[in-house]
Structure formats: C-alpha cells, structure tokens
Protein chains: 2
Amino acid sequence: MAAVAPSTKKAVTLFHALSDETRLELLDRLSNGEQCVCELTDTMKAAQSRLSFHLKVLKDAGLVEDRREGRWMYYSLSSQAIEELEDLVDSLKKAAKSAGSARRCC
Amino acid sequence: MAAVAPSTKKAVTLFHALSDETRLELLDRLSNGEQCVCELTDTMKAAQSRLSFHLKVLKDAGLVEDRREGRWMYYSLSSQAIEELEDLVDSLKKAAKSAGSARRCC
DNA sequence: CTTATAGATCAACATTCCTTGATAGGAGGT
DNA sequence: ACCTCCTATCAAGGAATGTTGATCTATAAG
C-alpha cells in the first residue's frame, strides 16, 4: 500500500515536465550530449523564448542542468531526477503486480 | 540517440495522465486492489463527476481498466501501460548515462 | 411500469499552461 | 564607452485542463 503518495507534489512536477512534446524532444536532443540553446533553437526551428520557457520547466523539475560558458548556455540531462522517476515508476509497477482482488463494495 | 522519440504522442498522454495529484491518489488507492467508483468518491470525499473525469483520463492513457458488475463500475491498475512507462523511463535513463560530452557550438 | 441508485456526460466557468513578441541582462568584441 | 550576440524574463492573448452542478443512461428492485 501507499505506492505513489510520498512527495506527490514532486511526482506531479516531474510528470508534468515530461508531458509535453516539445520538452520530450528537448530531452531527446540532449540525450546526444550537452547542447547550447542556440543550437537547439536552430535544429528545432523554434522561437528562442519558447525553448527558454521549456528548458526552465525541465530545469525546475530537476531533469536538466545548465552551465554557462562565455555567452552560451549549455544544457544537459541530469541523471539524478531520472532516478527519482525510475523509483516512482517502480513503485507503481510493484503496486500493479500486487494488485489485490476485488472487495465487496457500497 | 533517439531516446524518447518513438511514439512521442503516447508518452505525452501517459505522462500527462500522471501529472495530477488527484489521479496519482486514485492510482495509489487502486494499488490496494480493484475498487468501485462509489467507494473512491467515499474515501476521497470527492465529487462523483470529478473522479469520473479523472478515471477517464487514466483509462484513456491505458493506466487503468474498468469492469462493470451490476450497477457498479470497478477500476483497477493495468500493468500493461505501466510497462510502457517503464520502457520510456528506461530509455531516458540510458540516454542520461551515455550523455555525450559537449560539442562546440554556434 | 415506476422508482431508485451508480456512474457517465455535458455546459459553463475558473484556472493553469503555452505561445508570441518585446524588453532586459550579461558577456565579448571594437 | 558602444555595439552585438545569446539567453532569460515579462506581459498579453489563446488554448487546453480541471471543477461544479445538472442531466442522461443503464441496471436493479418493487
């Protein structure tokens, strides 16, 4: 029992960050390695402020990290949050497996 | 490369379904076993139409299954979608690990 | 056939989220 | 100092989500 409950807020934040096509594409690009915003706006043909917004959402969720180098900002995947994600999904999985049988109701 | 890309739409749907406190609580309750809506509205002190709405979101995402028995509707976790979830998180994890080093930019 | 109960669906409203264009800040280069 | 480039932030509008109360459907019981 109590599969997802601990720190539900954080789970919501994490999952919300992942529930957007643009952000998933960003993560996908970053899986090829650290990249700067200019490169991302370039290859994704997206408005700079748009990507900046989504990168902030990802960063606030702990999914990516940023690093400044001169006037460029480099973003990369953060494996820490991804482990938290893994744990969440893990507890869900266990819950689904142990899923007890029906109880009489109402 | 290409960590999340395959069927991004589905991933978005899955993660979106998980990005809500009420829905996470529903999943948590269901991890104790199949339950009918009346029982859930009861213990969660939530309006019936509200839970119906959220259960639909979960069902559309494939996270839960429903079963009718007389006039009651029983909901339970569906382990299938949870495995898909696991795969998604897995590819993210691998991506984060292999995360290449910085490339020269702009 | 009438009535009651469980749940889904709908319409209206509130809220939250995303997009866009404009502005601001910070780092180099001249 | 100034100008330029890269990025973050803000404000305004639009789109999608969640909430609430009412209505509809299906099943069961009398």
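Of the 106 residues in chain A, 33% count as buried, meaning 20 or more other C-beta atoms lie within 10 Å of a residue's own, with C-beta atoms placed from the backbone. This is a predicted model, where local features need pLDDT of at least 70, side-chain atom pairs count only at pLDDT 80 or more, and totals for chains, interfaces and linings use all residues. Residues are numbered from 1 along each chain as its sequence is written, while chains are lettered from A and ligands numbered from 1 in the order in which they are written.

**Chain A fold**
- Chain A has five helices and three strands, taken as DSSP runs (helices H or I, at least four residues; strands E, at least two) numbered from the N terminus.
- Going along the sequence, the pattern reads α-α-β-α-α-β-β-α.

**Around DNA strand C**
- Two or more residues each come from helix H4 (48-60) of chain A, plus helix H3 (37-44), helix H4 (48-60) and strand S3 (72-77) of chain B.
- H4(B) gives the largest share, six residues.

**Around DNA strand D**
- Of 23 residues here, A:Cys38, A:Ser49, A:Ser52, A:Met73 and B:Ser49 come nearest.
- Helix H3 (37-44), H4 and strand S3 (72-77) of chain A, along with H4 of chain B, each give two or more residues to this surface.
- The largest share, six residues, belongs to H4(A).

Methods. Near = placed C-beta within 6 Å. Buried ≥ 20, exposed ≤ 12 C-beta atoms within 10 Å, placed from the backbone.
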